[in-house]
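Reader: I have a structure to go through before I set anything up. Can you take me through it?

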Amino acid sequence: MNSINIINLILTIIIAILGGYLADKKKVPAAYMLGALFLVAIFNVLFNRAFFPTYFKFITQIATGTFIGSKFRSEDIKMLKKVIVPGMTMVVLMIAFSFLLSYLMSTFLGIDSLTSFFATAPGGIMDISLIAYDFKANTSQVALLQLIRLISVIAFVPFFTKKCYERNNKKNVSFEQEIKNEIKEEEKIENKNEKSLLFTIIIGIIGGVIGYFTHLPAGTMSCSMALVAYFNVKTHRAYMPLTLRKIIQSFGGALIGAKVTLTDVIALKDLVLPIILIIIGFCLMNVFVGFFLYRTTKFSLSTALLSASPGGMSDISLMAEDLGANGPQVASIQFLRAIFIVGVYPIIIKILFT
């Protein structure tokens, strides 16, 4: 890494944390992620200097998996056994919804069918774009529309979840104070110990490295989460400080924001109608599938809405506790989605287009 990249990386990290801090002061839901995302994106569009090397994604995924795994309790494991069927049904609904969006896009908006299918897939940007390349779809349009999908979902979910949370909790306490009270209660029972923190980090790294080399969808985060969760369920000694979540969220937001360039902004003018369809369609999908999950499981409304969010697995999972949701349950359902979309979606496309 040369000196210019090091300076740009430091600048990007400072801007990301500043964006999160300012958003937090304004009481924006999931402040550190959204604030970092938008301030880094603005910085990159104006100066083209945002820089986040790919290994930061690896670090962020391990940190996210470790953090969420440390929150797993035995009762979460018992709950997850009961949501496999609703979870799989949720994924099928998501695919049906994305197929409807792709049909509308290709029929009425002039985007070719193959590109439309990939542009509306509720999976990870990198995974879907790489698969789209293999199928010879228009990868630049796929990547741009996928980025719009991710940003719109991440921006929409916190505000909608906050409104639903406030409506369901008829207390004379603000949303932010309610979450802070829940976090304080959790802190009372956490085993705060430097030795526990060290063990947790080591186990999380081991899990992340295993996941990376197995090439599973979302494997780095998922294996890190699973190994730390197992450790915590067995010993009740896993520990990650809650302040670390703000740093992880800032990195997660910066990773997305750094992908937004002036070229992307200019390209938006040629894709106005597809972008509007993507934003409205995926927000409606989130609400519809979220309420389905809420009605068919014992999940809280916040947990159901975040579980059904077609954003990035690590991004959505990191928001969970800030929005009064159960992090382990959200992450597990998101993992189901990631596995199914990346594993099955290309097979469906291959059947349809060969």
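Reader: Experimental or predicted?

Author: The model is predicted.

Reader: What is the secondary structure of the protein chain?

Author: The protein chain has 17 helices and 0 strands.

Reader: How far does the C-alpha trace span along its principal axes?

Author: The C-alpha trace of the protein chain spans about 55 × 50 × 45 Å. The radius of gyration is 20 Å, and a compact globule with 354 residues would have one near 20 Å, so the two agree.

Reader: What share of the residues counts as buried?

Author: Of the 354 residues, 53% count as buried. The chain exposes about 16,400 Å², with 67% of that supplied by carbon and sulfur atoms.

Reader: And the contacts with a separation of 6 or more, how much of that comes from residues 24 or more positions apart?

Author: Such pairs account for 76% of those contacts in the protein chain.

Reader: Now the inside. Which residues of the largest nonpolar core touch the most other members?

Author: That core has 75 residues, and Met90, Phe118, Ile154, Leu306 and Met319 touch the most other members. Helix 8, residues 139–168, gives the largest share of this core, with 10 residues. Another core lies apart from it and has 13 residues, among them Ala36, Ala50, Phe56 and Ala258.

Reader: Why would I expect cores like that at all?

Author: In soluble globular proteins, nonpolar side chains tend to be buried together.

Reader: Take Leu306. What is it in contact with, leaving aside neighbours within four places in sequence?

Author: With that exclusion, Leu306 is in contact with Val157, Thr161, Ile316, Met319, Ala320, Leu323, Val330 and Gln334.

Reader: What does the side chain of Ser307 reach?

Author: The side chain of Ser307 reaches the backbone oxygen of Thr303 at 2.7 Å. Not counting residues up to four places away in sequence, Ser307 touches Met90, Leu293, Phe299, Gln329, Val330, Ile333 and Gln334.

Reader: Ser317 too, then. Where is it, and what does it touch?

Author: Ser317 is in helix 16, residues 313–319. Ser317 counts as buried, at 3% relative accessibility. Beyond residues up to four places away in sequence, Ser317 touches Ile68, Met221, Val330, Ala331 and Gln334.

Reader: Change of topic. How many disulfides do I need to define?

Author: A search of the whole structure finds 0 disulfides.

Reader: Backbone next. Which residues other than glycine have a positive phi?

Author: Lys27 is one of them, with a positive phi of about 60°. Lys27 is in the loop between helix 1 (3–25) and helix 2 (31–47), and is exposed, with a relative accessible area of 52%. Asn48 is another non-glycine residue with a positive phi, near 55°. Asn48 sits in the loop between helix 2 and helix 3 (54–69), and is exposed at a relative accessible area of 59%.

Reader: What about Thr66, buried or exposed?

Author: Thr66 lies in helix 3 and counts as buried, at 2% relative accessibility. Apart from neighbours within four places in sequence, Thr66 is in contact with Thr200, Gly204, Ser224, Val228 and Met240.

Reader: How many residues apart in sequence are Thr66 and Ile347, and how far in space?

Author: Thr66 and Ile347 are 281 residues apart in sequence and 32 Å apart in space, C-alpha to C-alpha.

Terms used:
Residues numbered from 1 in each chain as written. Predicted model: local features only at pLDDT ≥ 70, side-chain atom pairs only at ≥ 80, totals over all residues. Heavy atoms only, no water. Core = buried A, V, L, I, M, F, W, Y, C linked by side-chain atoms within 4.5 Å. Buried < 20%, exposed > 50% of the residue type's maximum accessible area, 1.4 Å probe, protein only. Helix = DSSP H or I, 4+ residues; strand = E, 2+ residues; numbered from the N terminus. Contact = heavy atoms within 4.5 Å. Disulfide = S-S within 2.5 Å. Polar contact = N/O pair within 3.5 Å; in protein donor to acceptor, adjacent residues only side chain to side chain. Rg over C-alpha atoms; globule rule 2.2 N^0.38 Å. Areas by Shrake-Rupley, 256 points an atom, 1.4 Å probe, with all protein chains shown as cover.
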